[in-house]
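Hi,

Here is the structure we talked about. Please open it next to this email; my notes follow below.

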Amino acid sequence: MLDHGAEALRELAGAPSIAVVGLGGAGSEAVEDLGALGLPGARSIAINTDATHLGRVGVDERILLGRRELRGRGSGGDRAAVLRAAEESQEEIVRRLQAFEIVFLLAGLGGGTGSALLPLLSRQLQTTETLPVPVVFLPFRLELEANPMLRENVDGSVAELERLGGLLLALENEKLRRFDSLPIQRVFGVRNAYLHALVASLLDMVDHPSQLNVDLASLKNHLRQSGLSTLVIGEEHISDPGRLVHQALADSLLDFRLPDHPSALVHLEGGTNLTLQTLDDVLREVRERFHEPARLVFGTRIRPEPREVLRLTAVLGGLRPRTVREAVRPPTAGPALAAR
Ligand SMILES: Nc1nc2c(ncn2[C@@H]2O[C@H](COP(=O)(O)OP(=O)(O)OP(=O)(O)O)[C@@H](O)[C@H]2O)c(=O)[nH]1
Ligand SMILES: [Mg+2]
């Protein structure tokens, strides 16, 4: 039968299935926060070697890793022990995560559990139909200066994630220093709210039908051709569309360094009052800001009412590797470090 019927097509065209997965203590807490801020339809999962922490965190599913090897006591920063422990159950975990079309993997880098599992699971999911989106929190400089093991774990983890390519969101805690007078928990709250906006924008872009469509398949296709990529978001009043990209880059908590001609998948959302002139202004800024992108994919969505605010979601690719490691190096790095 060639007529598939509107009902069956709607079912097939439903929103992609999403999991938000916290690895280790900091990652699991961030997943709890994202859930509280609201990600409708997303399954929240925590994976940890620390049974006490796992029991406390508010998520849909909990997975204790390395029960035999680590006895539910955490890894104490030992990445190698976590990798050994993961051998028991990694196949089962990957099989569970493969049930989703997009899997966000969150970890605070520096400890053993998150730093070890994030590259491991990202690499394994990259060989499947599931799109892994690793999200890392880079420690404050004061933490790195106090603890050399932390730096080793961060460096090892980031280097591997950069080698893997694909979409990587690296949020720099150090960029939160402008909130120095706030209580620490609130500062993490600011960061998690920003991450929530990033995740929601990405899902929004691939979820809803658009006038010029960007869907999950086009996102994956773009990522395959773009090497290491990241995501920026911005909002600007409709009277100043030419500042949208500038504003998205200026407000980012993410760490990345752009090459001269990044590839860009740019999605713009506006209302019924969005004009071709406005689209043209945004695209002109994209071309100028990125000195003619290597590849430019453009999508747009018109909401059913007039909007005063334009929203931009952009996936930027071809990022230079090692940027994250440079960013978390102390400014007084000695010659051995500086020469690397
Ligand atoms: N947001 C948040 N960050 C934390 C917390 N605990 C530690 N961090 C920071 O997050 C980074 C990683 O720490 P954890 O998440 O505890 O490490 P882990 O992945 O659980 O690894 P192990 O405990 O060593 O097995 C470090 O930079 C910590 O300073 C926490 O409870 N919440
Ligand atoms: Mg821990």
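Two strands count as paired if DSSP finds at least two bridges between them. Strands S5 and S7 pair in the parallel sense over four bridges. Within that pair, Val135 has Leu169 of S7 as its bridge partner. Please keep in mind that this is a predicted model.

**Confidence**

The average pLDDT of the protein is 90. Of the residues, 92% score at least 70. Residues 331-340 are another matter: pLDDT stays under 50 there. For that stretch the model has two contacts beyond four places in sequence.

**The parallel sheet**

S5 and S7 belong to an open sheet of six strands. Its order is S3-S2-S1-S4-S5-S7, and the pairing is parallel. Why do S3 and S7 each have one side without a neighbour in the sheet? Strand S3 (61-64) and S7 stand at the edges and have a single partner strand each, so one side of each is left open in the sheet. On average, neighbouring strands here are turned by 20 degrees against each other, direction ignored.

**The mixed sheet**

There is also an open sheet of five strands with mixed pairing. Read it in the order S6-S8-S11-S9-S10. The edges are S6 and strand S10 (296-302); each has a single partner strand, so one side of each lacks a neighbour in the sheet. Helix H13 (residues 276-289) packs on this sheet and touches strand S9 (263-270) and S10. The direction of H13 makes about 155 degrees with that of S9.

Leu167 has Ser229 in S8 as its bridge partner.

**Two domains**

The protein is divided into domain 1 (16-202) and domain 2 (210-317). Their centres, taken over C-alpha atoms, are separated by 27 Å. The contact takes 20 residues from domain 1 and 15 residues from domain 2.

Which elements supply at least two residues each on the domain 1 side? They are strand S5 (131-138), strand S6 (166-167), strand S7 (169-172) and helix H10 (184-207). H10 has the largest share, with six residues. By class, the side of domain 1 that touches domain 2 has twelve nonpolar, three polar and five charged residues.

**The ligand shell**

How many residues surround ligand 1? The count is 20. The closest are Gly24, Gly25, Gly108, Gly111 and Gly114. Helix H2 (24-37), strand S4 (102-108) and helix H7 (113-126) are the elements that give two or more residues to this shell. H2 gives the most, with four residues. By class, the shell has 13 polar, four nonpolar and three charged residues.

**Where to look**

Start at ligand 1 with H2, which gives the most residues to the shell. Then go to the contact between the domains and find H10, which has the largest share of the domain 1 side. Treat residues 331-340 with care, as pLDDT stays under 50 there.

Best wishes

Note on methods: Residues numbered from 1 in each chain as written. Chains lettered and ligands numbered in written order. Predicted model: local features only at pLDDT ≥ 70, side-chain atom pairs only at ≥ 80, totals over all residues. Near = placed C-beta within 6 Å. Nonpolar A, V, L, I, M, F, W, Y, C, P; charged D, E, K, R; others polar. Domains from an automatic or database assignment. Contact = placed C-beta atoms within 7 Å. pLDDT = per-residue confidence, 0-100. Axes fitted to C-alpha atoms, helices over the stretch in contact; angles between N-to-C directions.
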